[in-house]
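I opened this notebook to record what I looked up in the structure below. The entries take up the domains, the confidence and the ligand in turn.

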Amino acid sequence: MANRRIAIVGGGAAGLAAAITASRQGAHVIVLEHKDRVGKKILATGNGRCNYTNAKMDPSCFYAGDQRGGVDSPLITSLLKRYPTEKILDFFTEIGIEPSERDGYYYPASGQAAAVLDCLRAECDRLGVEIHCNSDVLGIQLVTGGFRIKVRTIESEQEGAAEKSGRTEKSGKIEKRGSTSNLKVDRVILCCGGQASPVTGSDGSGYSLAMDLGHRIVTPFPALTGLKADPKRFKPLAGIRARVCASLTVDGKSIRQEEGELQLTENGLSGIVIFQLSHPAIYSHLQKKKTEIHINFLPQWAEGDVFGRLRQRRDQLGHKELQEWGVGLFPKKLWLQMCKEAGLPLMMSASQMDNRCLSRLQSVITDFTVPVTGYLGYDRAQVTAGGVDLRDIIAETFESKKISGMYFAGEILDVDGICGGYNLHFAWASGMAAAEAACR
Ligand SMILES: Cc1cc2nc3c(=O)[nH]c(=O)nc-3n(C[C@H](O)[C@H](O)[C@H](O)COP(=O)(O)OP(=O)(O)OC[C@H]3O[C@@H](n4cnc5c(N)ncnc54)[C@H](O)[C@@H]3O)c2cc1C
């Protein structure tokens, strides 16, 4: 409907995609963003390169609703059917972002996340979207025919920052009362994100806005983050990177297996392979279940070959002391730790290793077991698991079941994806879906 006034709370990935979509359909769109610029998190994505979608788009890459096993949810299945990878690529090509693909991961051809944000903002400007930065939404009230939004203008950051951010206040429809004002709109889309990387603006305030209007929140926790383990064991290993196969077990049962880069830190485990396991690992740790990561440091050797190849190496390099024997196969600090954990003296001659020694070594190398003792917080996490309960959301439209005319999109919802462009894909796609429905 032309001239329908739609407020979008939060100018992140979901909010900007929603703003463009609604504005293209003729709505009068007002984005309220409490930071001094929109899209701060977009700039940090993909190590500054923005991995904005993925060629393999499948419900199994998401955790949604109470389906904690990374399995199907009607909301995700329906969204991915309507907004597959091609549709997201087309949306970005139309605003000037040419894709560059590597192993299925899509980045802008320029390799810069800033380009993605620049093009989104330019399209908002072209369409006349009103972007109000330094505008903190404090409350949303249901009134006849729509919503009244209480906005606090953040004075300290306002001067100068407004110019830098290029924000516009074309309509002048925010009536200022001191530092708070009220905005009357027909529809509202909540795109406040979760709590991950709070420095970019997602401070969890969206949950209070949702709860005030009767929505349930599935307890949030950080995901795509590092896992903590015994610091005494890991301090000497900090800085080591290796390509491994890692599997997560919960109460002894294997849950998920991933291959990729592992980083050892003084806190424990990090790197993409750990991020991919982090959601179920943190979830089970929070449930006080026995949570372990099992690392195979030789994934390139077939399981059945490992023992034979170690024996062959012993025969070839039997003249070396054990402390030198594993160098060239593993980083030295890691190798020394492996010997220690296998109970083998460093000065021992490699030729003295009998089959029992080799078998002990094999099990440390291919099943390096790490009990998870904790996880890194929101400041180090890429995403928030949990959020607005999907039972309160209509799967096709992202409209609230409790409050008609109110929509949700992006990370504020109880949906999170694995690494690989899935979280941004969900943010863009849900933003578009909510905006299309809000314009109907
Ligand atoms: C370091 C890092 C790297 C990442 N890399 C990738 C990647 O390469 N690929 C990928 O797919 N995903 C990546 N992610 C995840 C992805 O960035 C997020 O899932 C996605 O940006 C979420 O979008 P959103 O719009 O829902 O929330 P956000 O981007 O968090 O935006 C929410 C916005 O709402 C504003 N806001 C919140 N509350 C209020 C309020 N009360 N009033 C006004 N404004 C408010 C915030 O300031 C913020 O601008 C990464 C995340 C991080 C932290």
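I began with the domains: the assignment, which is automatic or taken from a database, gives domain 1 as 5–222 + 384–439 and domain 2 as 227–375. I noted that this is a predicted model, in which local features need pLDDT of at least 70 and side-chain atom pairs count only at pLDDT 80 or more, while totals for chains, interfaces and linings use all residues. Residues are numbered from 1 along each chain as its sequence is written, and side-chain values use heavy atoms, with hydrogens and water left out.

I next looked up how the two domains meet. The C-alpha centres of domain 1 and domain 2 are 40 Å apart. Their contact (heavy atoms within 4.5 Å) takes 10 residues from domain 1 and 10 residues from domain 2. Between them the domains bury about 950 Å², counted as the accessible area (1.4 Å probe) lost on being put together, summed over both. Of this area, 63% is on carbon and sulfur atoms.

I then asked what polar links join domain 1 and domain 2. I found 3 residue pairs in polar contact, both residues being at pLDDT 80 or more; the term denotes N or O atoms within 3.5 Å, within protein one able to donate a hydrogen and the other to accept it, with residues adjacent in sequence counting only if both atoms are side-chain atoms.

I checked the confidence, pLDDT, which runs from 0 to 100 for each residue. The chain averages 93, and 93% of the residues score at least 70. Over residues 157–178 the pLDDT is below 50.

Finally, I turned to the ligand. An oxygen atom of the ligand is 2.5 Å from a side-chain N or O atom of E33.

Notes. Buried area is the accessible area (1.4 Å probe) that two parts lose on being put together, summed over both. pLDDT is the predictor's confidence in each residue, from 0 to 100.
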